[in-house]
Structures are given as C-alpha cells and as structure tokens.
Amino acid sequence: MIATQAAVVHENGGEFVIQDVTLDDPGFGEVLVRNIATGVCHSDMFVQGGMVDMPRVLGHEGAGVIEALGPGVNTLKVGDKVIMGFNSCGTCNNCLSGKPYSCESFLLLNMFGRRLDGSTNITAADGSAVSGNFFGQSSFARHSIANVRNVVKLPDSIPDKLHKIMGPFGCGILTGAGTVINALRVRPASSIVVFGGGGVGLAGAMAALASGATTVIVVDLNDDRLALAKTLGATHTFNGADANLKEKIIEATGGGAHYAMDTTGNMKVVRLSNDILRIGGTTALVGLSVPGTPVELDHMGMLDGRNIIGVVEGAAVPQVFIPELIDLYHAGKFPFDKMVKEYPFADINMAFHDSHVGTTVKGVVVF
Ligand SMILES: [Zn+2]
Ligand SMILES: [Zn+2]
C-alpha cells in the first residue's frame with residue numbers, strides 16, 4: 001500500500017478536494033509512478049460532470065518517474081522518466097492490428113474507474129473505495145498506478161522543466177497532432193481549418209504547419225486564443241461569431257479547405273466544418289458531445305465527395321508517436337510549450353476554472 005494525496009471529486013460537477021488516500025501496490029503488468037505534473041484536459045471536465053461511480057480521481061495526462069514495478073514488468077525500470085497516455089487491452093482484434101486507440105475495451109479500461117476485473121486501486125482514509133484507473137492512471141494525485149501499455153518512456157536526458165509540461169502529450173496534444181498527421185495525413189501546400197483554439201486544436205494547427213500545410217486557419221470565439229494561434233504560425237484566424245465566417249473561409253482557402261478538424265463537439269460547427277470543404281476534402285471529428293446527439297449534414301454536399309471521419313486519441317500508438325512529436329519540438333516545429341500554463345496542485349480548481357472560461361489554453365498542475 002502506498003500513502004499519497006489525490007484530488008477527489010465527490011459529486012457530479014463538484015470541486016476537487018485534495019485528501020489523503022492509499023494506492024494498492026502495483027499488480028501484474030502495472031507500475032507505480034510518482035507524478036511530477038499532470039495536464040488538465042477537456043474530457044476531465046466532461047467526466048467530472050458524470051459517468052463514473054463517486055467518489056473518483058480523474059486526471060489522464062500524467063508525467064512522472066517510475067517508483068516501483070509490479071510483477072511481470074521487464075520493459076521499464078525504477079527511475080525511468082515517463083508520461084502516461086490512454087490504456088488498451090493488447091489482446092483484442094484492434095489492439096493486435098496496431099490500433100490500440102480503437103481497443104474494444106477502451107471505455108472499460110479508461111473511463112469507468114475500475115480494472116477489468118471490477119476492482120479499484122484507490123482507498124480513502126475511512127477505508128471506502130475510490131474510483132481510480134481513469135485512463136489507466138488517475139493522475140490528479142501525487143502517485144499513479146499505471147499499466148505498462150499506457151506508459152511512454154522518455155529519454156533520460158529530458159530536462160525536468162520540459163518533462164513536467166509534457167503530460168498533455170498523453171492525450172490532448174496527441175489527439176490534435178495525431179488527427180492531423182495520422183488520420184487526415186495532411187499534405188504539403190494544403191489548407192486546413194481548425195475549429196476550436198484550445199490545446200487540441202492548436203496542437204492540430206502546429207502539426208499541420210509542421211506537415212507543410214500553407215493555409216492554416218484557426219476559428220475560436222476567444223480573441224486571445226486567436227492571437228496565440230497567430231504566434232504559433234496560423235496563417236488566418238477568424239472569430240466564430242463572425243456572420244460571414246463561411247464565406248471568409250471559402251475565400252481564404254481559394255474555394256474550400258482540403259481538411260477540417262472539429263474540436264468543439266458543437267453540431268452547428270460540425271456541419272460548418274463539412275460545408276467549408278472543397279470536393280474531396282475531409283473533416284475529422286474530435287470534440288466530445290453527449291452520446292446520442294444527432295448531427296445534420298448536407299447530403300448532396302457529401303455525395304460530391306466531402307468526407308467525414310471520427311478520430312480517437314489521434315489514431316496514435318503513443319509509444320511510437322510521442323517520440324516523433326518530441327523530435328518535432330526539438331526541431332522547432334512544435335512549440336507546444338507556448339500554450340502551457342502551470343498551476344500548483346493546491347490550485348487545481350483554478351486550473352479547471354481558467355481552462356473552462358478559456359483564459360488558459362493548456363493547464364498543467366505541478367506537484
Ligand atoms: Zn484492445
Ligand atoms: Zn483527454
């Protein structure tokens with residue numbers, strides 16, 4: 001048993017309460033990670049509002065150092081610097097086909113707070129069970145139990161200053177950049193419109209620039225985020241409230257975009273993201289909505305050859321893709337650090353508030 005502290009949510013939509021908890025010792029194929037920092041992601045807020053048994057520990061963009069190994073772990077060692085991404089089973093058809101992001105047990109392993117056998121790995125001071133295991137980590141805590149499958153080892157040479165802001169490579173940044181590079185496969189000299197200038201959208205915009213796209217448009221309601229998009233290299237920014245938004249995008253892209261990416265989960269924006277494509281273009285849907293939400297599209301517009309795809313976790317194998325993103329960063333083509341703001345653990349509720357209202361693009365809580 002490991003005594004540690006976690007930020008626990010006790011009711012749907014409730015604030016985080018930092019309290020003492022104990023973690024189980026790492027089980028077969030698991031490791032104990034001492035977290036140095038963790039990112040704040042939109043899906044934490046989404047799940048903060050429901051879906052998992054209470055009380056629970058969220059957090060799924062952890063960065064830390066391996067402190068102990070469970071039985072059967074021989075690919076990691078104590079002291080390894082790591083970040084944590086999503087978990088996958090490794091044995092289903094999709095995992096075996098190199099698509100862990102489409103794991104048939106994805107929801108069970110990442111969202112519901114339990115191991116596959118139904119057990120939890122976090123206990124409150126009064127002995128009651130706390131839902132953990134969120135994305136195989138529940139990293140809003142000073143320690144996490146993670147699985148070898150969702151741990152990505154970083155080079156020993158990575159400086160702490162960089163390591164602690166790299167947790168978002170485990171989800172938000174992976175999602176944005178992976179959607180552009182792995183799913184849309186953005187080509188040089190192409191055009192892309194990114195709807196939503198949060199961490200996912202701006203990671204997508206940076207990845208599009210790194211891929212050689214020459215027209216990169218970011219749309220958001222927040223002018224500060226649009227200004228940041230410009231400093232990251234976006235060629236155009238438009239406020240989503242602009243009455244002539246569609247016409248302006250069509251004009252800026254010379255008749256429609258090759259690619260679009262929706263990170264908002266707003267159905268009007270989803271429709272627009274498909275309407276602004278040129279024939280043969282593709283929209284990638286990334287933003288969450290409430291399950292069962294219908295979307296209306298222009299049928300004839302799609303029949304002309306406008307495509308729409310859904311993408312989970314950037315269609316990325318984290319252990320392969322994250323080192324590639326780090327290389328892009330070192331090459332000066334992925335300046336993700338410009339969108340990160342750090343908060344002490346005690347201010348986790350403020351980090352969420354600032355992310356929610358949009359004054360912070362990518363919050364990182366530091367332990
Ligand atoms: Zn699987
Ligand atoms: Zn996420």
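Predicted model: local features only at pLDDT ≥ 70, side-chain atom pairs only at ≥ 80, totals over all residues.
Residues are numbered from 1 along each chain as its sequence is written, and chains are lettered from A and ligands numbered from 1 in the order in which they are written.

User: How far apart do the C-alpha centres of domain 1 and domain 2 lie?
Analyst: The domain assignment gives domain 1 as 2-170 + 335-366 and domain 2 as 174-312; such bounds come from an automatic or database domain assignment. The C-alpha centres of the two domains are separated by 29 Å.

User: Which helix gives the most to the side of domain 1 that touches domain 2?
Analyst: In all, 16 residues of domain 1 are in contact with 13 residues of domain 2, where contact means that C-beta atoms, placed from the backbone, lie within 7 Å. With 3 residues, the most is given by helix α1 (residues 42-48). Helices (H or I, at least four residues) and strands (E, at least two) are DSSP runs numbered from the N terminus. The helix asked for is α1.

User: How do the residues of the side of domain 1 that touches domain 2 divide into nonpolar, polar and charged?
Analyst: Ala, Val, Leu, Ile, Met, Phe, Trp, Tyr, Cys and Pro count as nonpolar, Asp, Glu, Lys and Arg as charged, and the others, Gly among them, as polar. On that basis, the side of domain 1 that touches domain 2 holds 8 nonpolar, 6 polar and 2 charged residues.

User: Which strands stand at the edges of the open sheet of 6 strands?
Analyst: The order of this sheet is β13-β12-β11-β14-β15-β16, with parallel pairing; two strands pair if DSSP finds at least two bridges between them. Each edge strand has a single partner, so one side of each is left without a neighbour in the sheet. From one strand to the next, the twist averages 15 degrees. The edge strands are β13 (236-239) and β16 (307-310).

User: What angle does the direction of helix α7 make with that of β13?
Analyst: Strand β12 (residues 215-220) runs parallel to β13 and is joined to β13 by 4 bridges, with Val 219 opposite Phe 238. Helix α7 (residues 223-231) packs on the sheet and touches both β12 and β13. Axes are lines fitted to C-alpha atoms, for helices over the stretch in contact, and angles run from 0 to 180 degrees between N-to-C directions. The angle between α7 and β13 is about 175 degrees.

User: Which residue stands opposite Val 21 in β7?
Analyst: An open sheet of 5 strands has the order β4-β1-β2-β7-β8, with antiparallel pairing. Within this sheet, 3 bridges join β2 (residues 16-23) to β7 (residues 122-124). The residue opposite Val 21 is Ala 124.

User: Which residue of β10 stands opposite Ile 83?
Analyst: Strand β6 (residues 81-84) is covered on both faces, with Lys 81 and Ile 83 buried on one side and Val 82 and Met 84 buried on the other. A residue is buried if 20 or more other C-beta atoms, placed from the backbone, lie within 10 Å of its own, exposed if 12 or fewer, and partly exposed in between. Antiparallel to β6 runs β10 (residues 151-153), joined by 3 bridges. Opposite Ile 83 stands Val 152.

User: Within what arc do the buried residues of helix α12 fall?
Analyst: In α12 (residues 348-357), the buried residues are Ile 348, Ala 351, Phe 352 and Ser 355. Seen down the axis, they line one face of the helix, because they fall within a limited arc, taken from the directions from the helix axis to the C-beta atoms. That arc is 95 degrees.

User: Is Arg 185 buried or exposed?
Analyst: Arg 185 belongs to the loop between α5 (172-183) and β11 (191-195), and its phi is near 50 degrees, a positive value in a residue other than glycine. With 12 other C-beta atoms within 10 Å, Arg 185 is exposed.

User: What distance separates the C-alpha atoms of Gly 196 and Asp 262?
Analyst: Gly 196 lies in the loop between β11 and α6 (199-210) and is buried, with 28 other C-beta atoms within 10 Å. Gly 196 and Asp 262 are 66 residues apart along the chain, and their C-alpha atoms are separated by 6.9 Å.

Methods:
Contact = placed C-beta atoms within 7 Å.
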